[in-house]
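Subject: Handover of a structure for your review

Dear colleague,

A summary of the findings comes after it.

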Amino acid sequence: MTPLLRAIARARKPIEAASALVWCSVFLAFPGFGKAGEVLPGGGNGWKVLLVFSEGKDLPGNVSLEQSVRAALQKKAGRPVEFFTEHMDASRFSDEAHYRLFRDYLGAKYAGQEPDVLMIVTPRDFALPQRLPAEVFRNVPLVFVTSSELDPPDALKNDGVAGLIEHLDTRRTLLLARQLQPELQKVVVIGGKSECDHRLVERIRLDSALLPGVEFEYWTNQPFKEAQARAATLPQDSAILIGTIFEDGAGQTIYMTHAAQMLAPVATVPIYAMTSGAIGNGALGGAVVDPQKVGERAATLALQMVQKQMHGKLEEGTNSIMMLDWKVARKWNISSMHWPAGAVIANRPRSLWEDHKGVISSGVAVILAQALTIAALLAQRTRRRRAEAEILKQRDELAHVTRVSTLGQLASSLAHEINQPLGAILRNTEAAELFLQREKPDLGELKAILADIRKDDQRAGGVIDRMRSLLKRQNLQSKPVDIHELLNETVALAHPDAQARQIKLSLEVAPGLPEIRGDRIHLQQVLLNLLLNGMDALKNKANGERVVSISAAETMDGGVEISVTDSGQGIEPDKLGHVFEPFFTTKPTGLGMGLAISKTIVEAHGGKIRALNNTTRGATFQFTLPGHRS
Amino acid sequence: MNTLVPNRAVFIVDDDDSFSRALARLLQASGHETRTFGSAQEFLRELNPEMRGCLLLDLHMPGLNGLELQENMVGAGIVMPIVFLTGHGDIPSTVQAMRRGAEDFLTKRASREELLAAVERALAREVEERQKRERIDELRRRFATLSEREMEVLGHVVRGRLNKQIAADLGINERTVKLHRTSITRKLQMPSVAELTRCAKEAGLFEEEGAL
C-alpha cells in the first residue's frame, strides 16, 4: 500500500504547480491588476496640487502638459500627491459673467481646503490669477506654466510667484525648414498686427540670418483670408511659417492650429508652425513646446515652492522638440533622409504593434501563458496518468494477492467441497461396475447412476470455476452485475468453510434491485472478505450464536447497499475509525490488507464502505454501489 | 432399501445426498444392507440398541458433526463400530475419533477395496463385540447368584489368598471359608481357581480393588 500512497502523493504536486501557472497567466493577461489605486492622502502628509487651465480640457497641448506635470510631480514628490484640475475655457467663454461664475465656483469649492500649490497653465496671457478668488488662494504659492510671447507683468515677479515662460522656438523651426527643403528660396511669415504678434515677427527677422540666401516675406497686416488666397500662388522652393495671429488685418484672432488647417488645403508650399496642434492639422513641421520637458521643469518649480526652497522665480526660454507630419512630408515628397534625428513624427501610419501594443502584448502573454499552462497540464496529465495506471496496476495486483490469500484460507474447505462430488462419482462408478457384472443388470439403476455422475461432475466443476475466477488476474472491468447471482456465488464459495466452522450464513436479498455495473470478481472479493471477517469474529461464540447475515437492499438514491452482519464481539470504538487502513488488523495472523483493498475496490466502483457496531452485538460492514438504471 | 433390517446393516450418515446415494449403491452391489440418514440428529432419533451393523459417518456436517455423534453413542453405551469418512482428514479429528474407538478413518475417495475391507472389519468387530458383550452379561448373571459373603470370599480367592489367610482377614473359621468356596464352585460351575479368576476379570469384577 505504501507505494500506492506514494504514487497518489506524487500525483498531487504537479496539480499545485499547474494552478500556480494559471494564476501567473491571469496576472499577465491583466497587467494592471494588482497595481494599487491612486492614493488619496486625505489630509495626511500628502500634497494637494491644483492645476488651473485657462483653456478647455480637450486642447491637445493641455492634455499632454497635464500628464507630464502629474507624472513629474508624483515622481519627484516622494509622497502621495493629490491633483485637482479646473478649466476656465476662456477662449470659448470670454464674458465677465463667466469669469465671475468660475471664480465663485472655485471659491466655494476650495474654501477651507486650500491646495499646497496652485499651477496656472495658460497659453494666452497672465490675467488668470486675477480672476481667481483671492480669499482662497492668497497664501498659496503660484506657479505659472505658460507659453507666450507676452512679457510677464511686473506684478508676477513679486514674491511668491514662480513660472515657466515658454517662448516659441523660431530658430529651430527655421533651421528645420531648411533641413527639410534644402533648395529653400523663400519663407513667407504670416503674422498679425498686435503687439504680441509683432514681437514674434521681430524675433523671426533676427533669426532670418540663420538662413543666408533665403528671402523672407512678412504678411502681417492683412486679413487672414487674403493670406490664404495668396498662399495658393506661391512659387516652388518656398515655405510658409505661421506666427501668432492675435489680430489679423481684419482684427480677428486666429490660432496657429486653425491657421494651419485653413492654409494647408490651398497652399502650394509646405507650412511650418510652432505648436503641436498645427502640425497635426496640415503643417509640415516645426519646433514645438515639448510637454515632457515643460512638465518636468514646472514640477520642479512647484516642488521648490511647496518646500519653500525659494520665494519665486520666472524662467524664460524654450523647451522645444522637433516635430513633423509624416503624411504631409509624403505629400511634399520630402525624403526621410532629411528628417531630423529624434523628431516626433505625427500621423505616421502606425503598425498594428504600435497601435495595439498593450492588447497585443497582453494577448501574446495570455497565449504564451496558456500555452505554458497547457504544456504543464499535459505534462502533468501524462505523469498523473502514469501514476494512475501505476496505482491501478498495483491495486489490481494487490487485489489479486489478497484474493489468492483469501482462497488460501478457503482452500481446505474448498478441497472438501470438491472431494465430495468426486467421492460420489467414484462410488457410483464402482457400483455401476458391480451392477454390470450381474447377469441382468438393472438398466434403470445404471441410468440413475450416470445422471448422478454428471450432476456431481458439474458440482465439482462449479467449485473449481468459482475458485478459478477468483484466481484470475484481471483489470477492473465495468459490466452489468447481477446482485443475486453475485451474493449466491459468494455465499456458495464461503459455505464449506462456514460449515466446517459450524457457522450459519443467512442471505436476504430485496426483490427488484437496481442494476449495478462493475467488476464481478472484485466485488465478490469484497464480499468474501467481509464474510470471512464476519466468520472470524464468531470464533469464541457458542453454537446458536454463530450466524453471519448478508443482506442487499436498494438505497434512497437508486443504488444498492450490501450489509454483512456478524454476532461477534464487535469492534472496539477507538479502532472503528482505523479498520480500513492498510496493515490494520485485529487477527493474530492477519495481514491487514483485506479491508483496505475492499475500500479501494468499492471506491473504484463509485461506492462507499463503512463499519459500525450493532446495537445488540457484533459488527456490520456496509457498502454501497451506485445504481445504473438506464 | 431403507426398510428396517434387524440384522447387520450398514448405516450411512452424511448430509451430502448424492454421496450417500452412491455409497449405498456400492455397498448394496457388494451385498450389504444399507440405511442412509441426512444428519446425525436424524440417525439419533432412530437409534436403538437393537440396531445391528456398522456406521459410515461423515465427519463434517452441519448441526451435530461426526465426532459429536460418536460421543453421544459412546455415552449411551451403544456398541456400533464407526468408520469415519471425510473429504479431507485432519490429524486432530482422526486422533480424537480413534481414541473414542472408531473402527477406521477413511477419506471419501478411498479405494473400494479399502472401503469394503473397513466395512467388513467393522461388521466383524460388531459381531465380536456383541458376543463379548453377551458373554459378559452371562457371566455377570452367574456372579449375581452369589451371596454377599460368597462374593467377599471370592474377592480374596481371585487375589490368590489361602483359606487360612481369608479366615483371618474376615474373622471367621477356616472351615466356614471352605464351605463358602464349595458353594461358589457349585453355583458358578467353575472348578478351578484359574477359571474363576479369568471370568471375574472378564465380567469386570473387583476392578476397583486394584488386585486383578
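The notes that follow cover confidence, the interface, chain B, and selected sites in chain A.

This is a predicted model, in which local features need pLDDT of at least 70, side-chain atom pairs count only at pLDDT 80 or more, and totals for chains, interfaces and linings use all residues. Residues are numbered from 1 along each chain as its sequence is written, chains are lettered from A and ligands numbered from 1 in the order in which they are written, and side-chain values use heavy atoms, with hydrogens and water left out.

Confidence

The model scores are ipTM 0.74 and pTM 0.44. For chain B, the mean pLDDT (the predictor's confidence in each residue, from 0 to 100) is 84, and 92% of the residues of chain B reach 70 or more. Over residues 1–6 of chain B, pLDDT stays under 50, and the model has 10 contacts (heavy atoms within 4.5 Å) beyond four places in sequence for that stretch.

The interface of chain A and chain B

Contact between the two chains involves 25 residues of chain A and 27 residues of chain B. About 2200 Å² is buried between chain A and chain B, with 48% of it on carbon and sulfur atoms; buried area here is the accessible area (1.4 Å probe) that two parts lose on being put together, summed over both.

The rule finds 14 residue pairs in polar contact across this interface, both residues being at pLDDT 80 or more. A polar contact is a pair of N or O atoms within 3.5 Å; within protein, one must be able to donate a hydrogen and the other to accept it, and residues adjacent in sequence count only if both atoms are side-chain atoms. On the side of chain A that touches chain B, the elements that give two or more residues are α13 (357–436) and α14 (443–471) of chain A. Helices (H or I, at least four residues) and strands (E, at least two) are DSSP runs, numbered from the N terminus. The element that gives the most to that side is α13(A), with 15 residues. By class, that side of chain A has 8 nonpolar, 8 polar and 9 charged residues, where Ala, Val, Leu, Ile, Met, Phe, Trp, Tyr, Cys and Pro count as nonpolar, Asp, Glu, Lys and Arg as charged, and the others, Gly among them, as polar.

The interface also has 4 salt bridges, each being a side-chain nitrogen of Lys or Arg within 4 Å of a carboxyl oxygen of Asp or Glu. One of them joins Asp452(A) and Arg21(B) (2.8 Å, N to O). Asp452(A) and Arg21(B) also belong to a network of salt bridges that links them with Glu445(A), Lys455(A) and Arg25(B). Asp16(B) and Arg459(A) form a salt bridge at 2.9 Å, N to O. This pair crosses between chains, from the loop between β1 (9–13) and α1 (17–29) of chain B, where Asp16(B) lies, to Arg459(A) in helix α14 of chain A. Asp16(B) is buried at 7% relative accessibility, whereas Arg459(A) is partly exposed at 30%; buried means under 20% relative accessible area, exposed over 50%, and partly exposed in between (1.4 Å probe, protein chains only).

Chain B

Chain B has 9 helices and 5 strands, and along the sequence its pattern is β-α-β-α-β-α-β-α-β-α-α-α-α-α. Of its 212 residues, 44% count as buried. Among the contacts in chain B with a separation of 6 or more, 63% come from residues 24 or more positions apart. Within helix α9 (residues 193–202) of chain B, Arg198(B) and Glu202(B) lie 4 residues apart, about one turn of the helix, and form a salt bridge with their closest N and O atoms 3.5 Å apart.

Selected sites in chain A

Glu315(A), in strand β11 (residues 313–317) of chain A, counts as buried at 19% relative accessibility. Its side chain makes a polar contact of 2.7 Å with the side chain of Arg297(A). Helix α18 (residues 594–604) of chain A has 8 of its 11 residues buried, so it is largely enclosed by the rest of the structure. Just after α18(A), Gly606(A) takes a positive phi of about 80°.

Yours sincerely
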